[in-house]
Amino acid sequence: LGNLLKEKELRPVYSEFSNPNGKRSRIILPDSSVVFLNAASKLRYAKSFNGDTREVFLEGEAFFEIVHDEEKPFIVQSGSVNTTVLGTSFNVKAFKGDNRIAVTVQSGKVGVSIKREGSKKFLQYLFPDQQLDINTITGDYSFNTLDVANSTSWKDNRIVFYNNSLEEIGRTLERWYNLKVVLTHPENSSYT
């Protein structure tokens, strides 16, 4: 009985925030880091970061302002992609149906890795104004330098579209305004 009680005490207790379409929220984590959670997004994390890492699980999109702690790296798990930081601000976009994950850095440095076929593969370090765009089906990825303000404008209640397809714009508007977007000519939806 003593071992069972000890095991139960060691298992972390999780908090979960889930935003429906049309809602965005600001969350303060146990280490005082701040997360801006976008619409149609879910964040799960331990109520206390007692282990060797500070780990959160994201489905959707969030902007992170992470408190620096060299002893405890901060890890965002988004499906098969892990983003690891010590203290920085960055955006992770990982909506389930998009089949892609984009990690964009505003300040500091992050390391991005992917789990494929049972093993973890490091992809790249990112610095301010850099983005890694990962195809979650193939594992292929592209690296871009961009104006990070456009990728993170949603947290300031602005949407900026640059070089996006009509399909991507429609999905973003659906999440943002909690409505259904129907393209009258879906064959043109991949145009940018």
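Visitor: Where does aspartate 129 lie, going by the strands around it?
Guide: Before we look, this is a predicted model, in which local features need pLDDT of at least 70, side-chain atom pairs count only at pLDDT 80 or more, and totals for chains, interfaces and linings use all residues. Residues are numbered from 1 along each chain as its sequence is written, and side-chain values use heavy atoms, with hydrogens and water left out. Strands (E, at least two residues) and helices (H or I, at least four) are DSSP runs, numbered from the N terminus. Aspartate 129 lies in the loop between S11 and S12.

Visitor: What phi does aspartate 129 have?
Guide: Most residues other than glycine have a negative phi. Aspartate 129 is not a glycine, yet its phi is positive, at about 65°.

Visitor: Which residue takes a positive phi in the hairpin of S10 and S11?
Guide: Strands S10 (residues 110-116) and S11 run antiparallel and are joined by seven bridges; DSSP has to find at least two for strands to count as paired. One of these bridges has serine 113 facing phenylalanine 122 in S11. The hairpin has two residues between its strands, and the one with a phi near 50° is glutamate 117.

Visitor: Is glutamate 117 buried or exposed?
Guide: Buried means under 20% relative accessible area, exposed means over 50%, and partly exposed is in between (1.4 Å probe, protein chains only). Glutamate 117 has 82%, so it counts as exposed.

Visitor: Which residues have the most contacts inside the largest nonpolar core?
Guide: In soluble globular proteins, nonpolar side chains tend to be buried together. A nonpolar core here is a set of buried Ala, Val, Leu, Ile, Met, Phe, Trp, Tyr and Cys residues joined through side-chain atoms within 4.5 Å. The largest one has 29 residues, and those with the most contacts inside it are Leu43 and Phe64.

Visitor: Which strand gives the most to this core?
Guide: Contact means heavy atoms within 4.5 Å, and leucine 43 touches Val56, Phe57, Leu58 and Phe64, among others. Residues 54-65 make up the strand we want, and four of its residues are in the core: that's strand S5.

Visitor: Which residue forms a salt bridge with arginine 54?
Guide: Side chains of opposite charge can pair when their charged atoms come close. The rule here is a side-chain nitrogen of Lys or Arg within 4 Å of a carboxyl oxygen of Asp or Glu, and the count comes to eight. For arginine 54, the closest N and O atoms are 2.5 Å apart, and the partner is aspartate 31.

Visitor: How many residues apart in sequence are the parts that this pair ties together?
Guide: Both ends are buried, with arginine 54 at 1% and aspartate 31 at 18%. Arginine 54 is in strand S5, while aspartate 31 is in the loop between strand S2 (25-28) and strand S3 (34-37), so the parts tied together are 23 residues apart.

Visitor: Which helix holds both glutamate 167 and arginine 171?
Guide: These two meet in a salt bridge (3.2 Å, N to O), and they belong to a network that also links Asp98 and Arg175. Glutamate 167 is partly exposed at 39%, as is arginine 171 at 23%. They lie four residues apart, about one turn, and the helix that holds both is H3.

Methods. Lists of a residue's contacts leave out its neighbours within four places in sequence.
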